[in-house]
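I opened my notebook to look up a few things in this model and to write down each one with care.

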Amino acid sequence: MQSRITGTTMPVLEFLLEPGETIISEAGELSWMSQSIQMQTHTQFGGGGGFFGAIKRMAGGGSLFMTEYRAFNYPGEVAFATKVPGHIVPVEVSPGHEYLIHRHGFLCATSQIQLGVGFQQSLGAGIFGGSGFILQRVSGQGTAWLELSGELVIKDLQPGEILRVHPGHVGAFHANVNFQITTVPGIKNMLFGGDGIFLAQLTGPGRVWLQTLPLPRLAHALQEYITVERVRESGEAGAIGAIVGSVLRDRF
């Protein structure tokens, strides 16, 4: 199996699969593939256990169905592109070398990779879409490719070293890094600091990947423009309706 990452701000991950080689991803991640690639969508992939394995995967922020892409008879190409500006990060996974990633961080993996819930805590309505803060656990044996948004900052924490991060900026980290949600110190900081009331506290040893463009912040920044556009469209529709109604009244 050969892979390459092409592009900068909106990269794409391309694979050249030999006959019989496979890649798995969550349903809906495919960008393009050649004719020799066969698809099979099932709950069994990415965690096993059939339906119950899929429920466990969903608890970690994943999807119910996974898709396997297999080269059949001839070599074939399959590609997965990022959904927002960011980076694609390959990680080697094995027993004792597992990873926790943000809930939208899994892009694709080799067939023996498993996904499950790594951390889940409610942070109150309106935060992270009202669903709380969720991390996926990536385990098994093989290679996984992660999708992290924005630019990347890598921190190698020493034993006992503590890093406090806004939860949305946590992209991925080694499973041996201790992780917990704490509150911002000080009542004034909570009420008037503008940074929210929760922080993620990561304690080494281990590597941490920080992302500069949390998806909730991107959604919040775009919400104003989406709302304005909807109001404008509603106003235009109302004006057109009034004109049509006036014409019909005059004629009938």
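Entry 1, salt bridges. I counted six salt bridges, taking a salt bridge to be a side-chain nitrogen of Lys or Arg within 4 Å of a carboxyl oxygen of Asp or Glu. Before going on I noted that this is a predicted model, in which local features need pLDDT of at least 70 and side-chain atom pairs count only at pLDDT 80 or more, while totals for chains, interfaces and linings use all residues. I also noted that residues are numbered from 1 along each chain as its sequence is written, and that side-chain values use heavy atoms, with hydrogens and water left out.

I then looked up accessibility, where buried means under 20% relative accessible area, exposed over 50%, and partly exposed in between (1.4 Å probe, protein chains only). E14 is buried at 15%, whereas R4 is exposed at 55%.

I saw that the side chains of E68 and R70 meet in a salt bridge at 3.3 Å, N to O. E68 is buried, with a relative accessible area of 10%, and R70 is partly exposed at 32%.

The side chains of E98 and R137 meet in a salt bridge at 2.8 Å, N to O. Because E98 lies in the loop between strand 8 (86-93) and strand 9 (99-102), and R137 in strand 12 (residues 133-140), the pair ties together parts that are 39 residues apart in sequence. E98 is partly exposed at 23%, and R137 is partly exposed at 28%.

I traced an open sheet of three strands in the order 15-18-17, with antiparallel pairing, where two strands pair if DSSP finds at least two bridges between them. Strand 15 (162-165) and strand 17 (178-183) stand at the edges with a single partner strand each, so one side of each is left without a neighbour in the sheet. Strand 17 pairs with strand 18 (residues 198-203) over six bridges, and F179 stands opposite L202 in strand 18.

Technical notes. Helix = DSSP H or I, 4+ residues; strand = E, 2+ residues; numbered from the N terminus.
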